[in-house]
Amino acid sequence: MKILYVASEVAPYSKSGGLADVAHALPRALSARGHEVRVVTPLYATARIPNAEDTGRSIRLRFPFGEPRAGIRVARPEPRHEVWFLEHHGFYGRPGLYGDGHGEYGDNHRRFAFLAVGALSAAQAMRFAPDVVHLNDWQTGLGALALARGFRGTSVGEARSLFTIHNLAYQGLFSKAVMADLGLPWDVFTPGGLEFYDQVNFMKSGLAFADALSTVSPTYAQEIQTQAYGCMLEGMLRARAHELHGILNGIDVHEWDPHADPYLPAPYDAHDLSGKAVCKAELRHRFGLPDPDHVSDAPLFGVVTRLAGQKGISLLLEGIPTLLDHGAEVVVLGNGERRYEDALRSLSAARSDRFRAFIGFEPALSHLVEGGADFFLMPSLYEPSGLNQMYSLRYGTVPVVRATGGLEDTVRDADLPGGTGFKFRDFDVGGLLWASGRAMDWWWHRRDDLDALRRRGMLQDWSWESSAATYERLYASLAG
Ligand code: ADP
Ligand code: GLC
């Protein structure tokens, strides 16, 4: 099949979260299965593209606000897998992907209307007639409307569309003045279309006009149909429940392999964990934790995360001091909301004997946290899929998670046969401390059981193979 895959971030070129990992790894897995995949994404100023060639092709779109034009550059990560970069300096030649220290960029509606519609034009310009256009998150939502309305009779117009929700909370909300600025048809400014409490909602364009919908875990697919998780879109999602698929993300098992990870000081695997102790020593050293005395055998909890409400940072801030008092050490790598960064810095200063936070976005260090920690904390309020718990399982870093979304689907509680981690349900600090308390109990009193549990997690298969096959079946059913 021919698949046009559109995403606002793609690893390793640009990344703010898991979407980038998925937009790299799923196309890779699909192309390995024999499909032709073209990924369309912006050429950001910060993009790291060693060998992007100029294709000599370009696109030009007509909007009431102007007629932006972009060149198309291409990278070819592997056979049948190309990444097309839309090169528009005015829109994308900035330091941030979506905003800067002052907030979201004021023209994001133009930047991402250009990406979503531009991707379809790029397919025409590159003479690629897709069977399926796979859109991701609000930044690409207008692609579904454009495909349904604007490309009839063209080589792209025959394609069917799939819209994937990676995070329902980010919807791309703009004032209704955007309708005129972008020349969007007013007949879609309805509750069943783009209208959302008198504003324009780009995600709703995907939800309303794509031929099928998906999200990144089976449990999240159910959760978002409820008021608690639906972000006020649960009605619309329930109405399309039979076309909403929950397909769990995979992980890139080449990039995340403790046996061959260039960022780790020593390799290890489920059969020989001795290298993990070397990783732990290096991690403690890098975070500046004091040298352990000869009796110290503290369990080390790691966290790697965007610092956002979604991730349960408030629970961490409340719970970590108690964990430290009970003999744990904790390291956090994260960046994001200012209030959380500040709070973590203060805690780091106050409890530097056992707690350290590194504020920043550091992929290399994130590998070391996965390699060196004993446990990994993910107390998310909601988690559409989550990748870090799967990296953790593979790295023998036992996950301690709240049972929601993809965390529910990937971690099995230690108290059950075949358990792989520690889970709690209630989003409160009591829940977090209960689960991490059990983890520490296993660390100190049931080490053999813990080792068996750890090895079980390491031997699980989280590669993209099975999910890529599921997407393939879905694409095939859409394309007829
Ligand atoms: P989300 O996309 O909601 O942030 P995921 O678990 O799906 O959550 O993916 C997060 C990705 O971003 C993972 O690859 C994780 O390692 C990475 N990541 C998050 N924060 C940081 C950070 N501060 N430094 C390096 N990598 C990070
Ligand atoms: C979103 C979600 C995360 C998911 C990622 C990739 O950022 O928050 O749970 O893993 O998208 O699908």
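Which residues are the closest to ligand 2? They are His166, Asn249, Glu383, Ser385 and Gly386, out of 13 residues that surround ligand 2. A residue is near a molecule if one of its heavy atoms lies within 4 Å of it. The model is predicted: local features need pLDDT of at least 70, side-chain atom pairs count only at pLDDT 80 or more, and totals for chains, interfaces and linings use all residues. Residues are numbered from 1 along each chain as its sequence is written, chains are lettered from A and ligands numbered from 1 in the order in which they are written, and side-chain values use heavy atoms, with hydrogens and water left out.

Polar contacts were examined at both ligands. A polar contact is a pair of N or O atoms within 3.5 Å; within protein, one must be able to donate a hydrogen and the other to accept it, and residues adjacent in sequence count only if both atoms are side-chain atoms. At ligand 2, glutamine 310 places a polar side-chain atom 3.0 Å from an oxygen atom of the ligand. Serine 385 uses a backbone N or O atom, also 3.0 Å from an oxygen atom of ligand 2. For proline 384, a polar backbone atom is 3.5 Å from an oxygen atom of ligand 2.

Ligand 1 is surrounded by 22 residues. The closest are Gly18, Asp21, Arg306, Lys311 and Gly360. Arginine 306 has a polar side-chain atom 2.7 Å from an oxygen atom of ligand 1.

The chain is assigned two domains. Domain 1 covers 2-250 + 464-479, and domain 2 covers 274-458. These bounds come from an automatic or database domain assignment. The C-alpha centres of domain 1 and domain 2 are 33 Å apart. In contact (heavy atoms within 4.5 Å) are 18 residues of domain 1 and 18 residues of domain 2. The area buried between them is about 1300 Å², and carbon and sulfur atoms give 56% of it. Buried area is the accessible area (1.4 Å probe) that two parts lose on being put together, summed over both. In domain 1, Thr219, Tyr229 and Leu248 lose the most area to domain 2, together 28% of what that side buries.

Across this interface there are 12 residue pairs in polar contact, both residues at pLDDT 80 or more. Helix H1 (18-32) and helix H7 (218-223) each supply at least two residues of the domain 1 side. Helices (H or I, at least four residues) and strands (E, at least two) are DSSP runs, numbered from the N terminus. H7 gives the most to that side, with 4 residues. The count of salt bridges between the domains is 0. A salt bridge is a side-chain nitrogen of Lys or Arg within 4 Å of a carboxyl oxygen of Asp or Glu.

By this rule the count comes to 34 salt bridges. One of them joins arginine 28 and glutamate 78, with the closest N and O atoms 3.7 Å apart. Arginine 28 lies in helix H1 and glutamate 78 in strand E4 (residues 69-78), so the pair ties together parts that are 50 residues apart in sequence.

Two backbone features stand in loops. Most residues other than glycine have a negative phi, and most peptide bonds are trans. The peptide bond from alanine 11 to proline 12 is cis, with omega near 0 degrees. Proline 12 sits in the loop between strand E1 (2-6) and H1. Arginine 80 has a positive phi, near 70 degrees. Arginine 80 belongs to the loop between E4 and strand E5 (81-87).
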